[in-house]
Amino acid sequence: MFGLIGHLNSLEHAQSVAQELGYPEYADQGLDFWCSAPPQIVDDIKVTSVTGQQIEGKYVESCFLPEMLATRRIKAATRKIINAMAHAQKHGIDITALGGFSSIIFENFNLQQIKQVRNVQLKFEQFTTGNTHTAYIICQQVEQAAKQLGIDLNRATVAVCGASGDIGSAVCRWLNARTDVADLLLIARNQERLQALQAELGRGKILDLETALPQADIVVWVASMPKGIEIDAQMLKHPCLMIDGGYPKNLATKIQHPGVYILNGGIVEHSLDIDWKIMKIVNFMDVPARQLFACFAESMLLEFEKVYTNFSWGRNQITVAKMDQIGQMSRKHGFRPLLFENSPV
Ligand code: NDP
């Protein structure tokens with residue numbers, strides 16, 4: 001059985017869906033209440049592969065909210081993640097994806113030190129960040145959506161915001177090894193980590209966001225930001241492809257400009273309907289029966305292939321070979337990257 005540990009986008013989002021999740025008493029409660037709420041299994045899921053194989057899974061709502069990071073409620077945030085992991089394990093789940101901020105909190109606050117939660121001895125090998133599949137899917141989106149827009153990669157400048165992160169560094173590795181992108185712009189705050197990536201790649205320009213954006217034909221957004229940022233569309237190239245892989249989204253509002261094309265990043269579409277209620281309730285996707293986060297799909301793929309190991313774990317260790325491996329599983333079972341419905345140009 002596979003598991004998905006998820007959370008909602010904001011307190012407002014949580015309050016609006018609490019009723020439908022089966023917790024009407026949470027609907028008018030503030031952040032304090034969510035800080036003390038325990039994890040819950042809120043859905044049972046069935047997925048059928050295009051091979052005909054069927055698997056079952058569970059969705060664990062951790063009750064974490066990004067406002068807990070924004071208001072420095074670190075203890076509450078870390079408790080949410082570790083308790084959700086123990087909850088998944090207690091319910092006999094073999095492989096569980098840590099969605100959205102869950103893996104970032106796990107890494108940033110060294111939760112691997114916590115091995116025991118009450119009577120549950122945590123088995124970290126039964127969890128995956130899902131980041132290898134996410135990075136693979138984002139790279140497919142760069143390659144295929146660029147084609148839809150008529151952007152030639154061999155003449156394009158690609159900026160990666162969050163380049164030194166787990167997903168960002170993997171995206172840079174793939175673009176460097178597997179495509180002929182003309183230029184790579186590396187963006188994040190910590191310069192040392194960016195320099196280490198630049199040395200590993202043997203290329204890439206380290207720039208701040210304001211300098212990088214006007215130069216980029218394609219921007220990959222994979223920064224871990226609790227709140228999105230506002231961008232002035234006038235300063236961008238036209239056309240400009242923006243792939244927003246952040247969760248919550250890195251772009252605060254959808255940019256309304258005819259030359260700027262925004263694609264939800266790290267999202268896959270399954271070839272068959274998935275039997276679940278949760279995606280409809282949380283309203284993350286346009287087509288909730290088929291679309292999902294690539295990190296969630298990674299735990300499904302590992303369940304289909306009976307690979308019960310933490311396929312994606314730690315930080316900045318995702319290789320192009322592992323991206324190939326998960327990509328092959330993804331195609332085999334009928335997942336494909338989300339693209340523009342009709343070529344917009
Ligand atoms: P990491 O924490 O490993 O990396 C985050 C990166 O963002 C780092 O390079 C960090 O560098 C940078 N960053 C953080 N804040 C800022 C900022 N204000 N400006 C510029 N750069 C910034 O995260 P992951 O790689 O694991 O995840 C990246 C994003 O992808 C997250 O939003 C996550 O929620 C999302 N995600 C999406 C999934 C999907 O299925 N679609 C699955 C999993 C994650 P520095 O701190 O030096 O600035």
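Which residue in E11 is the bridge partner of Ala 159? Good morning, colleagues. Before I answer, please note that the model before you is a predicted one. The partner of Ala 159 is Val 219. That pair belongs to a parallel arrangement in which strand E8, residues 157-161, and strand E11, residues 218-221, are joined by 4 bridges.

Let me widen the view to the sheet. It is open and consists of 6 strands, ordered E10-E9-E8-E11-E12-E13, with parallel pairing. At the edges stand strand E10 (205-206) and strand E13 (260-264), each of which pairs on one side only.

Two helices deserve mention here. Helix H6, residues 131-149, lies across E11, strand E12 (240-244) and E13, and runs at about 155° to E12. Helix H7, residues 166-178, lies across E8, strand E9 (183-187) and E11, and its angle to E8 is about 160°.

I turn now to the domains. The domain assignment divides the protein into domain 1 (2-131 + 269-322) and domain 2 (134-267). Taken over C-alpha atoms, their centres are 25 Å apart.

How many residues of domain 1 are in contact with domain 2? The number is 24, and they meet 20 residues of domain 2. Between them the two domains bury about 1900 Å², with 60% of that area on carbon and sulfur atoms. The interface has 10 residue pairs in polar contact. On the side of domain 1 that touches domain 2, strand E15 (291-293) and helix H11 (294-304) each supply at least two residues. The largest share, 3 residues, comes from E15.

Finally, the count of salt bridges between the domains is 1. The side chains of Asp 166 and Arg 315 meet in a salt bridge, at 3.5 Å from N to O. Thank you.

Conventions:
Residues are numbered from 1 along each chain as its sequence is written. This is a predicted model: local features need pLDDT of at least 70, side-chain atom pairs count only at pLDDT 80 or more; totals for chains, interfaces and linings use all residues. Side-chain values use heavy atoms; hydrogens and water are left out. Two strands pair if DSSP finds at least two bridges between them. Contact means heavy atoms within 4.5 Å. Axes are lines fitted to C-alpha atoms, for helices over the stretch in contact, and angles run from 0 to 180 degrees between N-to-C directions. Domain bounds come from an automatic or database domain assignment. Buried area is the accessible area (1.4 Å probe) that two parts lose on being put together, summed over both. A salt bridge is a side-chain nitrogen of Lys or Arg within 4 Å of a carboxyl oxygen of Asp or Glu. A polar contact is a pair of N or O atoms within 3.5 Å; within protein, one must be able to donate a hydrogen and the other to accept it, and residues adjacent in sequence count only if both atoms are side-chain atoms.
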